[in-house]
Structures are given as C-alpha cells and as structure tokens.
Amino acid sequence: MMKKASILLLSAFLTAAFTCTPPTAEQKSDEGNMGACKSLGTRCFKFVSTARAWAESERHCVAMGGNLASVHSIDEYSFIQDLIREHTDGTPRTWIGGYDAVQEGLWFWSDGSRFDYTNWYPGEPNNSGSEHCIEMNFGGTVTNIH
C-alpha cells in the first residue's frame, strides 16, 4: 500500500517546499511528480520554489501526490527549517498545512493527521486579521500562524 505524501510549501510570499513519504520500489523506477526528496524517519520533504496562495499551494501538493506539510515534533520543525535554509539561504515565510477555515480557532492539518504540535511562537496561533492558514518564519521569527 502506498502512503500519501505530505507537502510543505515555502513562502517568500509564497514559494513552496513539501514533504512526502520515502519512495517505494515502484516509485524509485519512476520518480514521477514527487521527484527526489529529503527523508526524516518515514517522511520525506521537498522544496518547491513557486509563489502561490495557501489553497493553490495545497492543490499543487495534492496534484503531486501529497499535502502541505504537517508538523508533529520539534525535530520535524527544525528539519523543515533546515531544508528551507538549504534552498533559500534564509528563512522566508513558508506555508505549512495547518488551517482553521472550518471553525475559527479549531486547527487541522490538510493531510488529515492529528494537530498535536504545540511549540509555536509565543502567542500563536492568534488568527490575526481573520487569516486561516499556518505560516512558518513570519517576520523572521520561528513560527507564526495566520
């Protein structure tokens, strides 16, 4: 059974990177849309440098076989930030898969996984300006949620 990928979209106002599961033997012979990615445990992350809005970023990730990235530990969070730095030499604003558009203040991951990471920047998520999507590296800080 092939596992669905997660995708992390980067935003310098709004470039992209994503996560995916490591390729199966079948996928290794045909990398397809996911291409090469960088593994962490059972997940694999990839950078995509195209500016898009959050919904367009998620749709792009789904078309590539994944979703915007979900974060479940400080190790994953740090890994994603390191990946961003490798491709940008900085920490640009970055979309990840969290959203609360269904119900204000009730956060979900677009990949359907449990929203269990809590080590956000102090005061976050704050849903400032009625924005409903999570963004890493807002204002050069560690994390902000919109």
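Visitor: Which residues of α3 are called buried?
Guide: In this predicted model, the buried residues of α3 are Glu76, Tyr77, Phe79, Ile80, Gln81, Leu83 and Ile84. The label requires a relative accessible area under 20%.

Visitor: How do you know what span to expect for helix α3, at 1.5 Å a residue?
Guide: The expected span is 1.5 Å times one less than the number of residues. Helix α3, residues 74–88, has 15 residues, and 21 Å is expected. From its first C-alpha to its last it reaches 21 Å, close to that expectation.

Visitor: What follows α3?
Guide: Asp89 does, and its phi is positive, near 55°.

Visitor: Why is the link of Cys37 and Cys44 called a disulfide?
Guide: The S to S distance is 1.7 Å, and the cut-off is within 2.5 Å, so the pair qualifies. By this rule the count comes to one disulfide.

Visitor: What makes the link of Cys37 and Cys44 right-handed or left-handed?
Guide: The angle about the S-S bond is given as 120°, and the link is right-handed.

Visitor: Why is Cys37 called partly exposed?
Guide: Its relative accessible area is 23%. Partly exposed covers values between the buried limit, under 20%, and the exposed limit, over 50%, so Cys37 falls in between. Its partner Cys44 is at 0% relative accessibility and therefore counts as buried.

Visitor: And why are Cys61 and Cys133 called buried?
Guide: Cys61 has 0% relative accessibility and Cys133 has a relative accessible area of 16%. Each value is under 20%, so both are buried.

Visitor: Which way do the residues of strand β7 point?
Guide: Cys133 and Glu135 point one way, Ile134 and Met136 the other way, and all are buried. In a regular strand the side chains alternate between the two faces of the sheet.

Visitor: How do you know that β5 and β7 pair?
Guide: Pairing needs at least two bridges. Strand β5, residues 94–99, and β7 have three bridges, in the antiparallel sense, so they count as paired. Tyr99 stands opposite Cys133 in β7.

Conventions:
Residues numbered from 1 in each chain as written. Predicted model: local features only at pLDDT ≥ 70, side-chain atom pairs only at ≥ 80, totals over all residues. Heavy atoms only, no water. Buried < 20%, exposed > 50% of the residue type's maximum accessible area, 1.4 Å probe, protein only. Helix = DSSP H or I, 4+ residues; strand = E, 2+ residues; numbered from the N terminus.
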